[in-house]
Every structure is written in C-alpha cells, then in structure tokens.
Amino acid sequence: MKSRTLGILLAGGLVATMALLASPVAASLGRNSEVDSIRIGWSSTSDQDDDVDQSWWAVRSHETADNFVERLLSIPVGMLARRVGAGFGVKISEGTGLPLPDGWALATAKNSPLITSVYAETPRDLASVLGFYRDVLGKRGWTEQDGAVVASDRAEIAFTTARGPTLLRLSRQDDKTIAELSRRKSGHATDGLLPEPGQVRLMLGNKTDEAAVITVAEQTIELAAHAGEKLASSDCIAGQLPDSQKIDLPPGKYKVTLEAAGSAALSREFVIAANETWGLLAGTDGALLPVRLY
C-alpha cells in the first residue's frame, strides 16, 4: 500500500514582516482585529489494484489579536490563509466532484472506491446553504427526487445524477449550518468497516498529541494520543481499527461530545441513516472532524 500525507498550518504568529511597520494599512488596524488561521490535512493511498483513496480536512479560525504587533503580523498571514482556504475548496471540488458551501469554517472530504462525500460547517443560514446547493447542483443537471424534506432547521434531498444517486443533508446547530453531500459507489467494503445490517457504525480516532475523550449515546471512549489517527486515510486502515474504537448503534440522531486537552468540550448532533459508517476524529484545537466513510 502506498500513501502520502500533507499537513499545513497558517497562523497569525508565523510570519514577521517588518516592511508593514510604515504601511498605511497598519495605522488603520482596529483594537479588535481578527487573526485568520487555517489548518489543512490531506492523504492519498493506493492499494495493490491501484485503487486510490483520498481524504481531506481543514479547519478555519478567527481569533482576536491582543496587541498592535499581533494585529500587524496578522495581515499577510490572514490574506494567505484566505487564499489557501479558497484553493482548498477548489481542490475538494476537483477531487470529489462535489462543491463546498461558501464561508465554511470546517470541512472534510473523502473519495474512495466506496464513497464520495463532503462535510462542511458554515455560519451561513440554512436557507442560504440550501439555495447554494440547489443552484450549483441544478446547473450540473442534477434532478431532485420526490420526497424532499425541507424545514427551518433541517433539509434532506436526494438527487439523480449521471454517476448515481446523491444525498444532501442539512441541519442547523449552534449558529452553524452543517452540510453533508454524499454518493455511494459499488466497491466492496471490508468486514471491519461495515456496520451490522440496519445499524450504523461510528469509528473513533485521535489526531492530536494528547489523550481525548469522545462520548456518544452514553458510551464514553478514551483515546490515546494518535490512536486511530489514520482511519480516514483508507478503507483498509479503517477496517483494522480495534473494536474498542467502534460503536454500533441503531439509526437516528446522536449527540457526540469531544473533550480534548486544553479545549472546551465540543458537541455536535448527527442524523445517521441505516448502513452508514462515519469516522469521528479528535482534531487539533479541540475540533471534531466527521468523515463519511461508507
């Protein structure tokens, strides 16, 4: 098995640029200027049959700079972070054929022999995100199937496409809209990846240097540093995850809570349908990275 990984961090304190000290831009900085940063990860794995399995993740943040120097240094790095974020969105669209909504704060994506999927969190309201997807996907010739569910706090729409049925799910939580767009493929999943018939499977991992705890449906799983960190890299690796890092549940809505060292506890609710498998990874800075695996 061949694999490649890439990680990038762009943050407000990484670039010092003295040339800006005399710039008019520096004089216009407000007391509460924000420092833009972005963390990006990417992996590509190929097996003996040359089947390629790719995954991506990115987390954006906006933090208040504490002083003039930090505000000053944040200018070039913030501009670069925004350009990298735009490039990441283009890369996801090229790699999966699925679009990301504008203004995303967290995004993951997967393109494997089993599934193509993207997950995104954005501060945009649900109606705007739904309008974005209907416009973009409609221009691609995708057709909405009957039975769409659209409410003020959630939406679920199945599309007919040339590559097969594709499902869009949206939900509104904590002033964020969560979007998930996925299309299954005909590849054969390993037994370790497959949920029991009619059930859902959650596979847990930790990408950080510290221990983390994930709680789902009153089940608490303690994860050592880097335990299962590569579960999203390939279906084979995910299938080899120990049973202690897998949770099988009936389909439904579940609250997932992540507790990571140095970060406040973070909770998200997920609606998971029968026969789906998701990876849930503890990411840097306390971020929860959900990845649809099957």
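Me: Hi! Which residues does G198 touch, not counting residues up to four places away in sequence?

Reply: Hello! G198 touches P251, A274 and N275, where contact means heavy atoms within 4.5 Å. A word on the source: this is a predicted model, in which local features need pLDDT of at least 70 and side-chain atom pairs count only at pLDDT 80 or more, while totals for chains, interfaces and linings use all residues. Residues are numbered from 1 along each chain as its sequence is written, and side-chain values use heavy atoms, with hydrogens and water left out.

Me: Thanks. Where does G198 lie?

Reply: G198 is in the loop between β10 and β11 (200-206). Helices (H or I, at least four residues) and strands (E, at least two) are DSSP runs, numbered from the N terminus.

Me: And is G198 buried or partly exposed?

Reply: G198 counts as partly exposed because its relative accessible area is 34%. Buried means under 20% relative accessible area, exposed means over 50%, and partly exposed is in between (1.4 Å probe, protein chains only). Also, the C-alpha atoms of G198 and P250 are separated by 7.2 Å, with the two residues 52 apart along the chain.

Me: What about S46, where is that one?

Reply: S46 belongs to strand β2 (residues 34-46). With a relative accessible area of 15%, S46 is buried.

Me: Switching to the core: which residues touch the most other members of the largest nonpolar core?

Reply: Those are L193, L202, L204, I214, V216 and L293, out of 38 residues in that core. A nonpolar core here is a set of buried Ala, Val, Leu, Ile, Met, Phe, Trp, Tyr and Cys residues joined through side-chain atoms within 4.5 Å. Apart from the largest one lies another core, of 29 residues, among them W56, F88, V118 and L168.

Me: Let's follow up on L293. What does it touch?

Reply: Leaving out residues up to four places away in sequence, the contacts of L293 include K110, L114, I115, L193, M203 and W278.

Me: How many residues are between β12 and β13 in their hairpin?

Reply: Two, and A217 in that turn has a positive phi of about 50°. β15 and β16 form a hairpin as well, with five residues between them, and there G262 in the turn has a positive phi of about 80°. Strand β16 (residues 266-272) pairs with β15 in the antiparallel sense over seven bridges, and Y254 stands opposite F270 in β16.

Me: What other residues have a positive phi?

Reply: D174 is one of them, with phi near 50° although it is not glycine. D174 is in the loop between β9 (166-173) and β10 (176-184), and it counts as exposed because its relative accessibility is 54%. H226 has a positive phi of about 70° and is not a glycine either. H226 sits in the loop between β13 (219-223) and α4 (235-239), and it is partly exposed at 33% relative accessibility.

Me: New topic: what is the order of strands in the four-stranded open sheet?

Reply: The order is β14-β11-β17-β18, with mixed pairing. Its edge strands are β14 (246-249) and β18 (288-292), each pairing on one side only. In that sheet, β11 and β14 pair in the antiparallel sense over four bridges, and M203 stands opposite K246 in β14.

Me: Last one, helix α3. Which of its residues are buried?

Reply: L126, V129, L130, F132, Y133, V136 and L137. Seen down the axis of α3, they fall within an arc of 155°, so they line one face of the helix; the arc is that of the directions from the helix axis to the C-beta atoms. On the other side, A127 and K139 are exposed.

Me: What do those buried residues of α3 pack against?

Reply: They pack against β5 (115-122), β7 (149-150), β8 (154-160), β9 and β10.

Key:
Pairing = 2+ DSSP bridges.
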